[in-house]
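Dear colleague,

I am passing on the structure below, together with some notes on what turned up in it. Please read the notes with the structure open beside them.

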Amino acid sequence: VTDIKAWSHIGLYYADKLRAAVAYRVSERNGDKARLAEAYALLQKAAGTWHELVLLTVPAYKPVPLVHLSEDSEINEYFHWSIFESQVLTELDSVRKMLKQ
């Protein structure tokens, strides 16, 4: 059940992220601040969905090595949705800063 919920959250996250990307691009092309605000709102929603994904998966999954990075190197990278949450929030913050300009 956790797997199904996790995949559902991932799908919802990327659906809003793609909608945000379209709104952002329209804003970039036309200088339309309303579309930039729409992109920000969609990224906020996506970030909330990502956080729900983290809350869902932290008790169920441990971070795992990223095999394609650790096989032939000394890189010790791990994957877990919680590790990437800071990147989700950084992207949201960058669009928030654009709105204030």
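Contact, as the word is used here for what covers a residue, means heavy atoms within 4.5 Å. The model is a predicted one, and the notes that follow should be read with that in mind.

Helix H1 has 29 residues and reaches 42 Å from its first C-alpha to its last, close to the 42 Å expected at 1.5 Å a residue. Its buried residues are Ala6, His9, Ile10, Tyr13, Asp16, Ala20, Ala23 and Ser27, and just after H1 glycine 31 takes a positive phi of about 70°.

Helix H4, which runs over residues 85-100, spans 23 Å from first to last C-alpha, close to the expected 22 Å. The buried residues of H4 are Glu85, Val88, Leu92 and Val95; because they cover an arc of only 100° around the axis, they lie on the same side of H4. On the other side of H4, Gln87, Thr90 and Lys100 are exposed, while the cover over the buried residues of H4 includes helix H1 (2-30) and helix H2 (33-57).

Isoleucine 83 sits in the loop between strand E2 (78-79) and H4, and is partly exposed, with a relative accessible area of 40%. Leaving aside neighbours within four places in sequence, isoleucine 83 is in contact with Pro63 and Tyr78, whereas isoleucine 83 and tryptophan 7, 76 residues apart in sequence, are 17 Å apart in space, C-alpha to C-alpha.

Definitions and conventions. Residues numbered from 1 in each chain as written. Predicted model: local features only at pLDDT ≥ 70, side-chain atom pairs only at ≥ 80, totals over all residues. Heavy atoms only, no water. Helix = DSSP H or I, 4+ residues; strand = E, 2+ residues; numbered from the N terminus. Expected span 1.5 Å × (residues − 1). Buried < 20%, exposed > 50% of the residue type's maximum accessible area, 1.4 Å probe, protein only. Arc of directions from axis to C-beta.
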